[in-house]
Amino acid sequence: MAKNLLIVESPAKAKTIEKILGEDFEVKSCYGHIRDLEKEDMGIDIDNNYKPRYIVPEEKQKVVKELKSLAKKSGEVWLATDEDREGEAISWHLCEVLGLDPKTTKRIVFHEITKPAIQSAIKKPRTVDMHLVNAQQARRVLDRIVGFELSPVLWRKMSMKNNLSAGRVQSVAVRLIAEREREINAFNAVSTFKVEAFFSANDVSNKQVTFSAEGKKQTTEKGAADFLKSCIGAKYTVTDIQVKPGKKSPSAPFTTSTLQQEASRKLGYSVSRTMVLAQKLYESGKITYMRTDSVNLSETAMDAIKNQVNNQYGKKYYQPRTFKNKNESAQEAHEAIRPTYMEDQTVDDSDSRRLYDLIWKRTMASQMADAELEKTIAKIQISTNKEELTASGEVLKFDGFLKVYREDRDEEDITEDEQQEGMLPPLTVNQQLPLKEMKATERFSRPLPRYTEASLVKKLEELGIGRPSTYAPTISTVQKRGYVEKRDKEGVKRDFRILQLKNDNITKITEQETTGAEKSKLFPTDLGLVVTDFLKLYFDDIMDYNFTARIEEEFDEVAAGKMKWNNMIDDFYIPFKKDVDNTIEKAERISGERDLGVDATTGKKVIARMGRYGPMVQIGDVNDEEKPRFAKLKNTQSIETISFEEAMELFKLPRVLGQFEGSDVSINIGRFGPYIAHDKKFYSLSKEFDPYTINFEEATPIIVEKRAAKEERTIKVFEKEKIQLLRGPYGPYIKQGLRNYKIPKEKQETVKDLNIEEVKAMIEEAKANPPKRVPKKKK
């Protein structure tokens, strides 16, 4: 009898499993999804209970043909796609396409790709769980409906290119980022004065050390100055010392979202990079399944961690723990992300080694003893005003889990007053302390920071929006669509005041600090802000956090068999379709327009708005006799925050820098970015040059260099027809306007001798027979 055929999603997973199962099984990959909804007419029969119309895409035809052939020859077909809803749906699609019965076809699931797990799964096969399939199908259908219905609304109602699109979870993610941006822009920093006194005392080895004590914050400079004045000539006496034991406990082992967050904080990885590396580790049998919202550890894993901790660090470091899932829908049968073999402290693969180390350490720490601390708080009285200062220090008495791992925190979770507390020298009650100096330093309140990819995942999870499999695609999609961009922001200099009391004299100095600098943060684009406002105005349900979270709960109910998927879609679609029709009929076109002022020279209105090719400023109106003038915003500027003065600066282009070889050299910005114009030719400017500040001495070498490079590429030019024959990396080609055309191989040797009639014939031939596009393979 022929071998058993076992089908998985990826070739890497197939390779690992085939080694485990041996020659009784042939393991093949279907390379992810083998069917998807038709592109035409939504791919859903709305009037027939939202029945999806699936097709096998062209790029999957070959894979499907091979699997069909193997399935016919095999004694039995087994399905071993991933254990989540997505994996269950792939198994069902394989049944449909390969002609297998989902009620009898053997389906196996496992949390890790190890010999015991695979062999155990083979002994306990089940069939395809249609509840899980329907939950995934409901998500796919609902998201297709939202995208298909909303995108044309945006095309019609917004004055931009017709490539706008909207998604259900993505739109809410953009809203979060947009609202945070507006909070930051509206934030007014308030200053207070932090009072710190610096004393000297002898430590345990009788060496003199300096330590600090904090006083009550002062809200004004006058209050701070008055306080320091009241301390002139004072004596400082220790009135109370408290020593309190404390402890720190380890965090739970990783879920998908906590892994994404910590890999971002500790390793600087994007959410998508984390998931690519985690998938690689899973498929090579190194970690358990990487899409999970469970913090559960199996008994086998707990035993392995216990042995590893005891052997490596000793019994006093071991403390068994069971963590509770925050998400009620998390399935206890699923596990947290952990190494499959705890004795493997690292992996050979250099790409994924750092992520594996993080997972190993977090898993180990989760079953280790608390870190034991001792905190000392000393109260110091000021004799002249009876005010109190507080000095505190912390000593680590037993490192416990900290020996292996310390969790990082997001910027917004760390308060300004927090700092790593060191040791205090030995102090006694009634001890008098010599004051070295006292400072009142101006400090400013801060807005919440912009989201990183990781802190956005954390927020989405807190709100119950999305699931482990959706976080990474959501964040990638909003960036690809141009609604959000990830970038750095330079800080700005800010003065702050320091009042100092030293030797009974008070002095005031002003220093500078850099504020507002941010790295790899998510910023909404002007397009993202305008689309968010439009959707909030007309589709408040879609943009509502609670509504979106409730939809996720309904998917969970479908997965649990408590709700029919088409009924769920029906409850959503009927009111949603009314909103769509109403918006198309009644809503006005919007462009996110903002009045900035009036141009003093022309008396015409100046506005900032979204244009066809992005955010811009405009002087004048389309109804004026004279055509309006336009200028594109810089990448760092926004419609919402640009000032009138900054807008008028943008109209300084085109700038004439001087004459070179008898022709003007000018700088301007066009549809494809900034450029130099000289002698009726155009040379693009690289990002290192600012079109508003570049000078003549910097511009002319660029002209010379780019002209030489172009001449080197140019074979022949037909000036009248504006056609060029150029050299390219893949051989000579024809350029007409912005279009390029291939030159047949037999003519490439004699390209210099081609006449205009031959070239025109080649262009016509190329237009009549355009090259077929090869679709990219989906994983």
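Me: What's the strand order in the open sheet of four strands?
Reply: The order is β24-β25-β26-β27, and the pairing is antiparallel. Bear in mind this is a predicted model.

Me: Which ones are the edge strands?
Reply: β24 (655-660) and β27, each of which pairs on one side only. On average, neighbouring strands of this sheet are turned by 30° against each other, ignoring direction.

Me: How many bridges join β25 to β26?
Reply: Six, with β25 covering residues 663-670 and running antiparallel to β26.

Me: Switching to the start of the chain. Is β1 buried or exposed?
Reply: Five of the five residues of β1 (residues 4-8) are buried, so the strand is largely enclosed by the rest of the structure.

Me: Which residues sit on which side?
Reply: N4, L6 and V8 are on one side, L5 and I7 on the other. They are all buried, which leaves both faces of β1 covered.

Me: What does β1 pair with?
Reply: One partner is β7 (residues 76-79), joined to β1 by four bridges and running parallel. I7 has L79 as its bridge partner there. Another is β2 (residues 25-29), also parallel, with five bridges to β1. On that side, V8 has S29 in β2 as its bridge partner.

Me: How does the chain cross from β1 to β2?
Reply: Through helix α1 (residues 11-21), in a right-handed β-α-β crossover.

Me: OK, helix packing. At what angle do α6 and α12 pack?
Reply: About 115°, with their axes 11 Å apart. α6 is residues 168-186 and α12 is residues 453-463. The crossing of α6 past α12 is right-handed.

Me: Which residues meet there?
Reply: From α6 you have A173, L176 and I177; from α12, L456, K459, L460 and L463. That contact divides into six nonpolar residues, one charged and no polar.

Me: How far are the C-alpha atoms of D129 and G561 from each other?
Reply: They are separated by 9.9 Å, although the two residues are 432 apart along the chain.

Me: What about contacts in the chain overall, how many join residues at least 24 apart?
Reply: 69%, taken among contacts between residues at least 6 apart in sequence.

Me: Last one, the whole-chain numbers. How many helices and strands, and what does the C-alpha trace span?
Reply: The chain has 20 helices and 31 strands. Along its principal axes, the C-alpha trace spans about 100 × 85 × 60 Å. Of the 779 residues, 46% count as buried.

Terms used. Residues are numbered from 1 along each chain as its sequence is written. This is a predicted model: local features need pLDDT of at least 70, side-chain atom pairs count only at pLDDT 80 or more; totals for chains, interfaces and linings use all residues. Side-chain values use heavy atoms; hydrogens and water are left out. Axes are lines fitted to C-alpha atoms, for helices over the stretch in contact, and angles run from 0 to 180 degrees between N-to-C directions. Helices (H or I, at least four residues) and strands (E, at least two) are DSSP runs, numbered from the N terminus. A crossing is left-handed if the near helix is turned anticlockwise from the far one by less than a right angle, and right-handed if clockwise. Contact means heavy atoms within 4.5 Å. Ala, Val, Leu, Ile, Met, Phe, Trp, Tyr, Cys and Pro count as nonpolar, Asp, Glu, Lys and Arg as charged, and the others, Gly among them, as polar. Buried means under 20% relative accessible area, exposed over 50%, partly exposed in between (1.4 Å probe, protein chains only). Two strands pair if DSSP finds at least two bridges between them. A crossover is right-handed if, with the strands pointing away from the viewer, the path from the first strand over the helix to the second runs clockwise.
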